Amino acid sequence: MNIAVLPGDGIGKEIIAQAVRVLRRLELPLELEEAPVGGAGYEAAGDPLPEATLVLARKADAILFGAIGGPQYDALPRDKRPERGLLRLRKELGLFANLRPARVYPELAQASSLKPELVAGLDLLIVRELTGDIYFGEPRGIATLANGEREGVNTMRYRESEILRIARVAFEAARKRGRKLCSVDKANVLETTELWRQVVGALGKDYADVELSHMYVDNCAMQLVRNPKQFDVIVTGNLFGDILSDEASMLTGSIGMLPSASLDERGKGLYEPIHGAAPDIAGKGVANPLATIISAAMMLRYSLQRATEADRVEAAVHKVLQAGLRTGDIYTAGMRKVGTQEMGDAVVAAL
Ligand code: IPM
Ligand code: MG
């Protein structure tokens with residue numbers, strides 16, 4: 001099995017190194033090959049998605065991705081910025097289905113910014129559409145009007161077929177979980193999402209065993225902090241999913257705990273923590289590697305058909321949390337504060 005390993009920028013390198021150690025410890029027939037992406041791609045080849053990296057990602061069975069971005073790249077032209085590398089990779093590989101689970105480990109309920117009783121036992125899945133919407137819609141750009149004033153334009157667009165395929169992924173996921181699906185839109189204002197609601201609703205007829213509801217995105221943002229346990233699976237578009245998944249991550253105690261999978265039509269995937277490159281703590285050895293390690297577990301489960309090993313990795317993470325080890329982002333009084341490397345050591349030892 002060939003894995004493309006793309007560490008990226010900032011803490012990406014540090015957290016990926018720990019996930020790679022965990023994967024190697026499993027002693028599976030894995031070929032891991034590294035390539036630069038994001039700012040590192042720009043520095044190596046003048047392109048946030050160098051051709052060689054794209055070729056490697058295409059031929060791999062799965063992709064393990066760190067994080068990209070950093071203030072030193074903010075002044076670059078838009079198509080050279082790190083984010084473009086990730087967005088192009090998603091688009092080129094057709095990775096339209098982004099699964100972002102938010103599970104609260106009992107040990108971390110105290111670390112949540114919400115009251116422990118609101119989040120204890122929380123287990124929700126956000127299914128975010130990842131290759132359409134205002135992220136990719138044309139026309140886009142910043143133009144100068146006749147009067148000299150500048151105007152920024154982006155376009156929110158969804159085709160029926162794009163809505164249908166992501167809705168199907170969400171219904172199938174709900175079927176394997178709590179059989180509840182909440183579709184999130186802004187159908188009271190935006191026609192794009194009015195269509196979204198119609199298409200999801202029509203598909204719901206094929207999934208009579210799944211309880212479907214619809215919710216406006218502003219209400220959903222509120223319900224997520226009011227009573228998050230009402231949700232099982234949430235399906236939504238690219239932009240709303242970006243925002244709601246960051247919000248949901250904090251319910252779990254830390255964005256440093258949340259993995260994600262981005263899958264194509266055949267289940268090939270890119271696996272990454274949902275947090276970013278955190279330039280403020282990069283190189284200090286304090287980043288939490290667990291989201292990346294859990295992402296590697298998702299990769300074993302979804303793209304490599306290695307459920308047993310995925311279970312083992314997740315159990316090892318759980319054990320380390322039970323033993324009281326915490327990186328700074330999930331630290332609470334009485335626990336043992338550790339750095340990136342020590343957390344990786346502990347997971348490897350638990351395996
Ligand atoms: C994410 C990130 C990306 C996104 C950025 C880095 C382009 O926020 O994966 O959620 O907006 O999709
Ligand atoms: Mg985001």
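Mentor: Let's start with exposure: a residue is buried under 20% relative accessible area, exposed over 50% and partly exposed in between, using a 1.4 Å probe and protein chains only. Asp209, for instance, is partly exposed, with a relative accessible area of 31%. This is a predicted model, where local features need pLDDT of at least 70, side-chain atom pairs count only at pLDDT 80 or more, and totals for chains, interfaces and linings use all residues. Residues are numbered from 1 along each chain as its sequence is written, and side-chain values use heavy atoms, leaving out hydrogens and water.

Trainee: How many salt bridges does the structure hold?

Mentor: A salt bridge is a side-chain nitrogen of Lys or Arg within 4 Å of a carboxyl oxygen of Asp or Glu. The structure holds 17 salt bridges. One of them joins Asp209 and Arg179, at 2.8 Å from N to O.

Trainee: Where do Asp209 and Arg179 lie?

Mentor: Helices (H or I, at least four residues) and strands (E, at least two) are DSSP runs, numbered from the N terminus. Asp209 lies in the loop between helix H7 (191-204) and strand S9 (211-216), and Arg179 in the loop between helix H6 (160-175) and strand S8 (180-185), so the pair ties together parts 30 residues apart in sequence. Arg179 is partly exposed, at 38% relative accessibility.

Trainee: Which side chain meets Arg58 in a salt bridge?

Mentor: That of Glu92, at 3.0 Å from N to O. This pair links distant parts of the chain, with Arg58 in helix H3 (residues 51-59) and Glu92 in helix H4 (residues 82-92), 34 residues apart. Arg58 is partly exposed at 43%, and Glu92 is partly exposed at 37%.

Technical notes. Chains are lettered from A and ligands numbered from 1 in the order in which they are written.
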